[in-house]
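Have the viewer open and follow along.

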Amino acid sequence: MRAIVPILLTLSTPVIAQGSGPMPPLANRQLVDPAKEAQAMRLMHSLRCIQCQGQSIADSDAAMAATMRAEVRQQIAAGEKPEAIRSWMIDRYGEWVSFEPDMKGAGLLLWIAPFFIFLASIWLARGLFRRRA
Amino acid sequence: MNRPWILWIPLAVVAFIGGLAFYGLAVPKDDQVHSAMIGKKLPAFALPAATAGVPALSNTDIADGKPRLLNIFASWCLPCKAEAPQLEALKAAGIEIDAIAIRDKPEDVAAFLAEFGNPFRRIGSDSEMLVQLKLGSSGVPETYVIGGDGTILFQHIGDIRAEHVPMLIEKVNAAR
């Protein structure tokens with residue numbers, strides 16, 4: 001029985017639950033131009049996989065991530081700018097799909113909050129040092 | 001201490017963070033990734049037929065002036081089997097349903113339809129999920145309400161349960 005369990009586990013639904021379609025060719029194949037591949041790779045590390053929500057599409061094995069990688073590589077190969085591709089993804093899935101929050105709305109608050117905290121801490125520290133002196 | 005109010009700031013900050021924590025516990029988390037394509041036109045696509053005997057699907061087939069449902073399904077997806085009776089009920093209510101089969105094989109789609117019935121007018125095969133990506137769809141099953149001019153009006157994520165059927169009928173009829 002012990003010997004059969006791993007075999008049964010490999011045949012269980014999570015393994016076959018992704019269907020059996022072909023992977024798009026560019027999902028796991030690098031672009032020929034190393035500079036473009038580096039660009040695509042940087043972008044893929046900052047886009048979130050829709051299927052396995054905590055991972056970037058560069059890290060994920062999910063079918064959806066494969067499709068997203070292929071889309072990124074295909075658009076980079078076609079000369080598209082990485083930020084334009086990020087916007088393309090955001091147009092379809094919302095801000096959520098990007099690991100790098102946009103500098104507007106709640107995203108802007110996220111970017112400038114450290115600056116305000118820094119100013120506030122200087123102001124607090126100033127009072128402390130003055131008293132010491 | 002000439003400014004005693006300053007002592008309250010740390011407490012206020014901690015209380016705020018504590019409040020956020022309680023809010024996070026009290027309000028259930030929405031794990032679904034909603035499409036940002038609602039209100040936009042269907043992307044252009046032309047998918048081959050998913051199985052013999054059911055016509056192929058392109059965006060112009062859907063945007064033919066008549067509002068309808070677009071069901072994203074797969075033969076390997078369990079909830080898709082569970083929603084089959086609800087799709088039959090929608091069809092019986094006079095609603096046309098087109099479908100996109102995700103990462104599927106023709107023989108698997110044929111077996112699925114033979115077992116659970118075919119409520120679909122057309123089925124396109126999206127074997128590489130590229131159309132699914134363009135739709136902002138995040139998984140199977142999903143059901144979109146599409147207006148007669150091809151505008152995406154509504155996205156239902158997950159299987160259609162019996163209680164969702166009247167709502168979907170109403171949304172399609174409202175688009176007529």
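A charge sits over a ring if NZ of Lys or CZ of Arg is within 6 Å of the ring centre and within 35 degrees of the ring normal. Arg48(A) does this with Trp96(A), lying over the face at 4.4 Å from the ring centre. In chain B, Lys171(B) puts its charged end over the ring of Phe154(B), 4.5 Å from the centre.

A quick word on the ground rules. This is a predicted model, where local features need pLDDT of at least 70 and side-chain atom pairs count only at pLDDT 80 or more, while totals for chains, interfaces and linings use all residues. Residues are numbered from 1 along each chain as its sequence is written, chains are lettered from A and ligands numbered from 1 in the order in which they are written, and side-chain values use heavy atoms, with hydrogens and water left out.

**Rings**

Rings of Phe, Tyr and Trp (its six-membered ring) pair if their centres lie within 6.5 Å; planes under 30 degrees apart count as stacked, over 60 as edge-to-face and the rest as tilted. Over all chains there are four aromatic pairs. Take Phe112(B) and Phe116(B): their ring centres are 5.1 Å apart and the planes sit at 45°, so this pair is tilted. Both belong to helix α5 (residues 106-116) of chain B, and because they are four residues apart there, about one helical turn separates them. Helices (H or I, at least four residues) and strands (E, at least two) are DSSP runs, numbered from the N terminus.

**Core and interface**

Phe73(B) turns up again in the largest nonpolar core, which has 67 residues; it is one of those touching the most other members, along with Val72(A), Leu70(B), Leu90(B), Ile100(B), Ile123(B) and Leu135(B). Helix α4 (residues 63-77) of chain A gives the most to this core, with eight residues. A nonpolar core here is a set of buried Ala, Val, Leu, Ile, Met, Phe, Trp, Tyr and Cys residues joined through side-chain atoms within 4.5 Å.

Not counting residues up to four places away in sequence, Ile100(B) touches a list of residues including Phe45(B), Leu57(B), Leu70(B), Phe73(B) and Leu135(B). Contact means heavy atoms within 4.5 Å.

Where the chains meet, 28 residues of chain A and 24 residues of chain B take part. The two bury about 2,200 Å² between them, 60% of it on carbon and sulfur atoms. (Buried area is the accessible area, with a 1.4 Å probe, that two parts lose on being put together, summed over both.) How many salt bridges run between chain B and chain A? The count is zero.

Chain A itself has six helices and zero strands, and 32% of its 133 residues count as buried.

**Salt bridges**

A salt bridge is a side-chain nitrogen of Lys or Arg within 4 Å of a carboxyl oxygen of Asp or Glu. Over all chains there are 13. Here are some of them:

| Pair | Closest N to O |
|---|---|
| Arg73(A), Glu37(A) | 2.9 Å |

Arg73(A) in helix α4 and Glu37(A) in helix α3 (residues 34-44) link distant parts of chain A, 36 residues apart. Arg73(A) is buried at 5%, and Glu37(A) counts as buried at 6%. Arg86(A) and Glu83(A) instead lie three residues apart in helix α5 (residues 82-93) of chain A, about one turn. Arg86(A) is buried at 7%, but Glu83(A) is partly exposed at 48%.

In chain B, Asp64(B) and Arg121(B) belong to a salt-bridge network that also links Lys66(B), Arg68(B), Glu96(B) and Asp98(B).

Val140(B) and Pro141(B) are joined by a cis peptide bond, with omega about -15°. Pro141(B) is in the loop between α6 (130-134) and β6 (142-146) of chain B. Two residues other than glycine have positive phi: Arg103(B), near 45°, and Met129(B), about 65°. Arg103(B) is buried at 6% relative accessible area, and Met129(B) is buried at 5%.

Note on methods:
Buried < 20%, exposed > 50% of the residue type's maximum accessible area, 1.4 Å probe, protein only.
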